[in-house]
Amino acid sequence: MPDAPIPSAPSGPGSSGSSSGDACPGALRLHAADDGGLARIRVPGGVLTVPQARALGDAAVRHGDGVVRITSRGNVEVRGLDLTGGAAFGNALTAAGLLPSPTHERVRNILASPLAGLDGAGSADVREWLRELDRLLLAHPDAPALSAKYLFGLDDGRGDIAALGPDVLLRALGHDHAVLRLGAEPYELPVAYGDGPRAAVAATEEFLAAADADPGRAWRVGELDLGTGELTRRVACRLGVEPVPAKDAAPSATAPPEPPPPGPVTDATGTVRAWSVLAPFGAVSADAWTALVAAADGEVRLTPWRGVVVPGADREPLERAGLVTDPASPWAKVSACVGRPGCAKSLADVRAHATAAVRSGEVPHDGPPWHWSGCERRCGRPTGPHTDVVARADGTYHLTAPTTA
């Protein structure tokens, strides 16, 4: 990638208030939940080295309730933290390389295709993009002005991350070409593959400049008053490219595949390269996390569907740890918010009720996923079609199937 910087934005967003009022927790900014402090640790692309994963599990046991909870953005939540002793938890993360910047830690929201480079289905291994984009964000003085809700997506060409609707999407079209897309805009910008991360940062600078002038102080690209079309035109002008319709930019794009199901991940030769596993509700117990990390070869990859891809692993130790390895398991179709007793706003212990529904066979093996919510906020719901199960104050549930988020 050339060392020359992409031209600077026409106006500096350093004083942007786009993150004002953003209550999303971080690794240092804890949320006071009913079960103690809650920390959210950003894991760019969901990729943890084995030493990092081991240190994260140790920190969860030492300072929290011991459970590693995977979020719908492939990040990690740790609950049960002492609200007065967060420094010790932060120090443990820093020592493991999981907190490289206290000022930038909440904006490292990057999704990446979790099977990239493993199964041969994508057109490029986007982990090179991942490392460079994270480096650029950490070095950018204005990045902390972003909301913690702002999301980058790196798609290896298969369409899995594109389907999740990130604010800034980079999609590979082979090893030389890529497209950049902003929100739900139907036009994309062609970019050289090697320039992808820098183009994503340039687009974000344009977003921050527009957010500064936006009376609503937008947090997400789709919230800007000027619209994604105008933002796309500004970014295109800055990059010196012409927008093209999305269908022309990626003529081979089809409906996105399902999330990685539990089971073996094989390459084109049929060789098992990894195992994809799930834990109910993305909550991995201390013992299961220890077994998972011990089985991994070099790294683990958390997915935005609350699963884990474990390169180099064998099935047996993962199954012994209670992790779901069967693609036919109904747990592949079930998610839920935290519910009671962890959340004061929840009207029900939704996870207990969802578990009972799975065990009774109420959740079908095919069709859209099911999501249980303890209140109308519907935290953690899927972005695509799903059966929506929402608790009511009278102890019943309202079910709508299917719906879109």
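Is Cys343 buried, exposed or partly exposed? In this predicted model, Cys343 turns out to be partly exposed, with a relative accessible area of 22%.

Start with helix α1, which spans residues 50-63, and helix α2, which spans residues 86-95. Two packed helices are described by the angle between their axes and the distance between the axes. Here the axes come within 10 Å and cross at roughly 170 degrees. Because an angle over 145 degrees counts as roughly antiparallel, α1 is roughly antiparallel to α2. The crossing of these two helices is right-handed.

Now look at the residues where the helices meet. On the α1 side, the contact is made by Leu56, Ala59 and His63. On the α2 side, Ala88, Phe89, Ala92 and Leu93 take part. Sorted by class, this contact of α1 with α2 has six nonpolar residues and one polar residue, with no charged ones.

Let us return to the cysteines. A disulfide is a covalent bond between the sulfur atoms of two cysteines. The count of disulfides in this model comes to zero. Cys337 is in no disulfide, and its nearest cysteine sulfur belongs to Cys379, 6.3 Å away.

Cys343, where we began, is in no disulfide either; the nearest cysteine sulfur is that of Cys375, 6.1 Å away.

Technical notes
Residues numbered from 1 in each chain as written. Predicted model: local features only at pLDDT ≥ 70, side-chain atom pairs only at ≥ 80, totals over all residues. Heavy atoms only, no water. Axes fitted to C-alpha atoms, helices over the stretch in contact; angles between N-to-C directions. Helix = DSSP H or I, 4+ residues; strand = E, 2+ residues; numbered from the N terminus. Parallel < 35°, antiparallel > 145°, perpendicular 65-115°, else oblique. Left-handed = near helix turned anticlockwise from the far one by under 90°. Contact = heavy atoms within 4.5 Å. Nonpolar A, V, L, I, M, F, W, Y, C, P; charged D, E, K, R; others polar. Disulfide = S-S within 2.5 Å. Buried < 20%, exposed > 50% of the residue type's maximum accessible area, 1.4 Å probe, protein only.
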